[in-house]
Amino acid sequence: MGEIAESVFKAAKGAAHSLVDVALAKISVAGLFAVIFSSHGTALMAFVVLILIDLATKWLALSYRYLLDQGVCEAQAGLWQCARSMTNAFNHKYITSEMMKTKFAGKIILYMVLVAAVVHVDVMVGGEGIFLKAAWYYLAATEAVSIIENLRDSGVQSLEPLLVFIRSKLGGLK
């Protein structure tokens with residue numbers, strides 16, 4: 001009976017050491033999952049995706065400008081041609097990593113400050129997330145408008161009516 005108890009004790013001790021050895025990693029991963037899959041984390045991830053799409057479409061617009069400056073006619077400077085010319089636009093300083101990095105970081109900081117503020121406003125007024133949702137709608141709408149503007153500036157003129165419609169629904173916010 002003593003052998004069995006000793007074996008169980010050894011197994012429990014080994015399991016405890018094994019858990020403690022990776023506890024920090026497990027806690028970090030659990031915390032990351034909790035943040036990502038919470039409503040705030042999901043909204044932040046969605047906002048990051050919108051910013052990345054905005055960034056890519058801005059590159060298309062700057063590449064389009066590069067193509068036009070190189071003498072390519074508007075009819076030939078389509079989205080595919082813009083995408084293929086991005087490397088040249090980078091090389092000729094139409095697109096700079098410093099400008100894009102600053103805008104990306106600035107938007108993330110804006111998001112975090114705005115969300116932190118409106119969460120506290122909701123707590124103060126007992127508003128069940130009304131101000132938070134309004135902030136999320138505003139941030140998503142401004143990113144959507146920016147993406148559409150970038151695509152328009154990339155030569156996709158058919159998006160102008162959509163841009164006018166969205167701006168009219170935003171009531172002059174952007």
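Mentor: Helices and strands are DSSP runs, a helix having at least four residues and a strand at least two. In this predicted model, the chain has 8 helices and 0 strands.

Trainee: What pattern does the chain follow when read along the sequence?

Mentor: The pattern is α-α-α-α-α-α-α-α.

Trainee: How should I read the length of a helix, and what does α7 reach from its first C-alpha to its last?

Mentor: One compares the reach of the helix with the span expected at 1.5 Å a residue. Helix α7 covers residues 130-153, 24 residues in total, and reaches 34 Å, close to the 34 Å expected. Just after α7 comes Gly155, with a positive phi of about 105°.

Trainee: Which residue has a positive phi although it is not a glycine?

Mentor: The general idea is that most residues other than glycine have a negative phi. Here, Lys93 has a positive phi of about 65°. Lys93 is placed in the loop between α5 (86-91) and α6.

Trainee: Is Lys93 buried or exposed?

Mentor: Lys93 counts as exposed because its relative accessibility is 62%, and the cut-off for exposed is over 50%.

Trainee: What share of the chain do buried residues make up?

Mentor: Of the 174 residues in the chain, 28% are buried. The accessible surface of the chain comes to about 11400 Å², and 70% of that surface belongs to carbon and sulfur atoms.

Trainee: What share of the contacts with a separation of 6 or more comes from residues 24 or more positions apart?

Mentor: Such residues account for 61% of those contacts in the chain.

Trainee: Which residues line the largest pocket?

Mentor: The lining consists of Ile51, Asp54, Leu55, Lys58, Met100, Lys103, Phe104, Lys107, Ser146 and Asn150. The elements giving two or more residues to this lining are α3 (39-69), α6 (97-125) and α7. By class, the lining has 4 nonpolar, 2 polar and 4 charged residues.

Note on methods: Residues numbered from 1 in each chain as written. Predicted model: local features only at pLDDT ≥ 70, side-chain atom pairs only at ≥ 80, totals over all residues. Heavy atoms only, no water. Expected span 1.5 Å × (residues − 1). 1 Å grid on protein atoms, 1.4 Å probe; cavity = no way out; pocket = protein on both sides within 12 Å on 5 of 7 lines; lining within 4 Å. Nonpolar A, V, L, I, M, F, W, Y, C, P; charged D, E, K, R; others polar. Buried < 20%, exposed > 50% of the residue type's maximum accessible area, 1.4 Å probe, protein only. Contact = heavy atoms within 4.5 Å. Areas by Shrake-Rupley, 256 points an atom, 1.4 Å probe, with all protein chains shown as cover.
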